[in-house]
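Open the model in your viewer and keep the selection panel at hand. The stops below go through the domains, the contact between them and some charged pairs.

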Amino acid sequence: MIKPHLLSYTSEEIASLLSDLKQPKFRAKQLVDWIFIKRAASWEEMRNIPKELRAQLSDKYTLRGLTPGEHKISADGLTEKWLFETEDQHGVEAVLIRDKKLSRRTVCISSSLGCRLGCVFCASAQGPFIRDLTAGEMVEEVAQVEALSGEGATNVVFMGTGEPFLNYDEVLLAARRINAADGFGIGARHITISTVGVIPGIELFAAEPEDFRLAVSLHAPNQAAREKIVPAAKKWELGRLLSVLRRYTRATRREVTFEYILIDGFNAHPNDAILLAENLSGIPCKINCIPYNPIPGSEWRPPEARTCREFVAILEDRGLRATLRAEKGSDISAACGQLRAYRLLKNSQEAKRHNDKGKK
Ligand code: SAH
């Protein structure tokens, strides 16, 4: 059983759990200070909290549930990736992406162990879905990356392994703790949740009071192509998705970021760009075009740089704001779920070698 994680608690909730333990009022401030300001990673550090109370709390609550494992740094030093192990011994990964000016430090976190969606281009689909992460585990990904890098995050994106809107309540709780003044204090506009297009999630998200940002992984200009690479598109089809997003932008006065992976010979033809621009007309948005980062076993390739630039230029000519995302961290397999996928692959190869040895 996984214990409740203190990083998912508000100050009031911490005060109330301490009052249940008959503790004086000032303890709440001390504990909140250790958890959210000093970011204590162990109970031993909390010297002004009586030992007996620390023991009581550690029996019931988790302070840190992730153990840092493999760590990689990209050749340019700007992107770093960590693989953590959960208490139930599964791999979860988080990435720190710095911009060239070093003014923006974005932490990309995972929302589940494995993924249910099975998008064909994505490394997270290689391997089974195990479980959703808890809010505390997601907040801890940010805390761990900040502690390990020694740098504070300016932005957080829910763009690692998993579909955030299929784990809606925990993801929102995590986003709130990351945002709250008595939590990590990162502005709501600097927290982005990326969805494959889970319509009920988008509808709930539209009614949330915070100014969190929404990104939608589109990856194809029409329903037929989208269904081929994003199985979830069969359930939440493109026409309905776009009309829900039109409503979302009107109701919230926020724009949407579309992500579009460019795959050679599949969705990167000039006609695809023209159709995409037609479909997105009237939706306040920005489009991030991302050259496909090949995953193990895939025969797909990114288009040539010229084709990618032309795709973006067509969107811009039609009045859309589009960018070609420089591949960040592809040399450290930082695309969604890749490090985790390699771990699974390595483990299964090791298991096979072990079995083969056993047979001899
Ligand atoms: N389920 C959510 C969150 C996962 S993030 C969603 O679908 O949005 C998914 C993002 O990871 C994609 O939009 C894309 O930007 C990136 N991604 C995944 N696999 C990739 C690959 N092989 N190459 C490049 N980008 C990839």
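A salt bridge here is a side-chain nitrogen of Lys or Arg within 4 Å of a carboxyl oxygen of Asp or Glu. The model is predicted, and by this rule the count comes to 17 salt bridges.

Select Arg-116 and Asp-132: their side chains meet in a salt bridge, 2.9 Å from N to O. Arg-116 sits in the loop between strand S5 (112-113) and strand S6 (131-132), and Asp-132 lies in strand S6, 16 residues apart. Arg-116 is partly exposed at 40% relative accessible area, and Asp-132 is partly exposed at 21%.

Eight residues from domain 1 and eleven residues from domain 2 make the contact. About 780 Å² is buried between domain 1 and domain 2, with 56% of that area from carbon and sulfur atoms. Select Leu-7, Ser-8 and Arg-39, which supply 64% of the area that domain 1 buries against domain 2.

One salt bridge is found across the interface of domain 1 and domain 2.

Move to helix H8 (residues 238-252) for Arg-247 and to helix H6 (residues 199-206) for Glu-203. The side chains of Arg-247 and Glu-203 meet in a salt bridge at 3.9 Å, N to O.

Last, select Arg-189, Asp-211, Arg-213 and Arg-254, which are linked in a network of salt bridges.

Note on methods
Residues are numbered from 1 along each chain as its sequence is written. This is a predicted model: local features need pLDDT of at least 70, side-chain atom pairs count only at pLDDT 80 or more; totals for chains, interfaces and linings use all residues. Side-chain values use heavy atoms; hydrogens and water are left out. Contact means heavy atoms within 4.5 Å. Buried area is the accessible area (1.4 Å probe) that two parts lose on being put together, summed over both. Helices (H or I, at least four residues) and strands (E, at least two) are DSSP runs, numbered from the N terminus. Buried means under 20% relative accessible area, exposed over 50%, partly exposed in between (1.4 Å probe, protein chains only).
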